[in-house]
Amino acid sequence: MAKIGLFYGTQTSNTQTAAELIQKEFGGESVVAVYDIADADASDFDDYDYIIVGCPTWNIGELQSDWEGFFDELDNIEFKGKKVAYFGAGDQVGYADNFLDALGILEEKISELGGTTVGYWSTDGYDFNESKAVRHGNFVGLGIDEDNQSELTQSRIQSWVTQIKGEFGL
Ligand SMILES: Cc1cc2nc3c(=O)[nH]c(=O)nc-3n(C[C@H](O)[C@H](O)[C@H](O)COP(=O)(O)O)c2cc1C
């Protein structure tokens, strides 16, 4: 059985495509099981000590709608003892005051529930004003921007997966 559970939501498939690339970089479905949060249950999280959460930001600083619908379910998940990494798509030009906010919203909630965050990512190379995803000068996870920097997505994912492999200790 896969050791890592990746749970993503998407509206226009950018975060899904990134999820599939992350799975591939880790070595495929024997390593990472991918779930669309629209079809997932809280109990699906119980199978994994290593979790990857993927959520784009929508509607000016909001979670993607399937994650919005799942948000209260998070309270029913035991995150203590689990390592959790975050990624998601955003638009740093069009939504410069709310870039990647969804990552920060989910990370704050899951950390309160006992999850240990891994996969912090430098803000270097991005140009934005405000983001709930920034903690102590870094993003809480990997931001991708298909609207403005799609040429960087693949290399960002490759570097980040190498990083979190180490932080997961796998
Ligand atoms: C109406 C609308 C609102 C958006 N709001 C934000 C936002 O607040 N922050 C942000 O970083 N990106 C925002 N975006 C950009 C999306 O997050 C971006 O296009 C992303 O690639 C979508 O990912 P998905 O295809 O996985 O749904 C918004 C886009 C639209 C069309």
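Modeller: Rings of Phe, Tyr and Trp (its six-membered ring) pair if their centres lie within 6.5 Å; planes under 30 degrees apart count as stacked, over 60 as edge-to-face and the rest as tilted. This is a predicted model, in which local features need pLDDT of at least 70 and side-chain atom pairs pLDDT 80 or more, while totals for chains, interfaces and linings use all residues. Residues are numbered from 1 along each chain as its sequence is written, and side-chain values use heavy atoms, without hydrogens and water.

Colleague: Which residues do ring pairs link into a cluster?

Modeller: By the ring rule, the count comes to 15 aromatic pairs. One of them joins Phe 45 and Phe 70, with 5.8 Å centre to centre and 25 degrees between the planes, and is stacked. Both residues are buried, that is, under 20% relative accessible area with a 1.4 Å probe, protein chains only. The cluster linked by ring pairs consists of Phe 7, Tyr 35, Phe 45, Tyr 48, Trp 67, Phe 70 and Phe 79.

Colleague: Are helices α1 and α4 oblique or roughly parallel to each other?

Modeller: Helices are DSSP runs (H or I, at least four residues), numbered from the N terminus. The axes, lines fitted to C-alpha atoms over the stretch in contact, of α1 (residues 14–26) and α4 (residues 153–168) come within 10 Å and cross at roughly 55 degrees. Angles under 35 degrees count as roughly parallel, over 145 as roughly antiparallel, 65 to 115 as roughly perpendicular and the rest as oblique. The two helices, α1 and α4, are therefore oblique.

Key. Buried means under 20% relative accessible area, exposed over 50%, partly exposed in between (1.4 Å probe, protein chains only). Axes are lines fitted to C-alpha atoms, for helices over the stretch in contact, and angles run from 0 to 180 degrees between N-to-C directions.
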